[in-house]
Amino acid sequence: MPDSRPPVIRATHLRKAFGEHAVVRDVSFELRAGETLVLLGPSGCGKTTLLKLLNRLIEPDGGTIEINGQDVLAQRPEVLRRGIGYVIQQVGLLPHYTVAENIAVVPRLLGHAPAAIAARTTALLTRLHLPPARYAGQYPHQLSGGQQQRVGLARALAADPPIVLLDEPFGALDPLTRASIRREFRELEELRSKTVVLVTHDVTEAFELADRILLLDAGQVQQLGTPRELLFRPANDFVRRFFAAERLALQLRTLTLGDVFPAQEVFGFEIGPPKPDFEGPKPEFELKRTEIEPMNVEIEQKRTDFGGPTLEFEPKRTEIEQKRPEIGGSTLEIEPKRTEIEQERPEIEVSKPEFEPKRTEFEGPTLEFEPKRTEIEGRTLDLTTATTVHDALEALTGVGPTAARFTLAQLMAAFGEALQREEDAWKR
């Protein structure tokens, strides 16, 4: 059903050239409130130039841009930009300002009350996992790259703008930090009501964050649509080739359980950390514990034998015990032997403390196993028809016994059938 809401951003036949080099060629699109549009394409395709046209950091050579129905050329650039949050790849924090002062720049320009600015700063830092008590007074050089990116995002959101523009905001981060911040970004409540335009050359990032993707090449629009449409309904050979190298990974992130199990209900199940090798279904574990008990009995027998240090020493004790009824164990002839035995006994006694820790370690797997099972039972992931196959795979391969209504093999078989359905539909 077509969306009847008026667009927040409408770009019509935009053109921009630097000298004889055309960077943006006849680009048009509309973006509605709360929607995230990702500008994607190879280096030099015009992504960043197009983004800067939206807030007039660069003026267009032709075409129009409307924000909430008003032509941006009819507004003063500085007034326009105060209503649009902007995050760049290099972050751009003022080095002589603290974190709190950097975040407060735009609200101060807008004349917000100091108390309101302080409250807003505290709230944003808390939501972005930067505890204000620790970070508000620090300077940019004291922060990691990921922390600086979050401060830059907080600054863009400080005045609560309805529109946020982001130019490769995660591009300078290492892969692990980048993936972590992407997850935080996607789940950030502050951005759920914002209209977002994001530039990236990272295909996975685009598919994770976009409601729609505008794919560019040499300044021209190749296709505008949802990630699913670009992947399964490519408009031309360029679109098909652009996603070919990562096609399987993107299919896993695009298809949902509702797609692969269209006629079945998908239930939630318990999830925990990766399963250790010794952990298995509970019946199997009980059998192992049954095998352990006889070993304890065998250990007790060894402890009985430890009256003497070794089997070699055992006959000497037997000889002494036979003589004890006659002499009471006190004759001069026997005493040297007993003295010799007593001197060796401290070595025998030492073996007991060494043995006790071994029993403690032996019994330890039971104690170690129980907390892990508790941890597994303590975390829950709700599988729904909106869960991607990628997330379901991570869940199934990272837990012990679950209440899922399908196995890993069944999921992959259904995934293959869903791909075939998509292929058949595209051919039609």
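Reader: How do you know that strand 3 and strand 8 pair?
Author: This is a predicted model, where local features need pLDDT of at least 70, side-chain atom pairs count only at pLDDT 80 or more, and totals for chains, interfaces and linings use all residues. Five bridges join strand 3 (residues 36–40) to strand 8 (residues 195–200). Two strands pair if DSSP finds at least two bridges between them, so these strands pair. They run parallel. V38 stands opposite L198 in strand 8.

Reader: What makes these runs strands?
Author: Strands are DSSP runs of E with at least two residues, and helices are runs of H or I with at least four; both are numbered from the N terminus. Residues are numbered from 1 along each chain as its sequence is written, and side-chain values use heavy atoms, with hydrogens and water left out.

Reader: Why are strand 6 and strand 10 called edge strands?
Author: The open sheet has six strands in the order 6-7-8-3-9-10, with mixed pairing. Strand 6 (84–87) and strand 10 (220–225) each pair on one side only.

Reader: What makes helix 7 a neighbour that packs on the sheet?
Author: Helix 7 (residues 145–157) touches strand 6 and strand 7 (163–167). Contact means heavy atoms within 4.5 Å.

Reader: Why is L73 called partly exposed?
Author: Its relative accessible area is 47%. Buried means under 20%, exposed over 50%, and partly exposed in between (1.4 Å probe, protein chains only). So L73 is partly exposed. Leaving aside neighbours within four places in sequence, L73 is in contact with R56 and E59.

Technical notes:
Axes fitted to C-alpha atoms, helices over the stretch in contact; angles between N-to-C directions.
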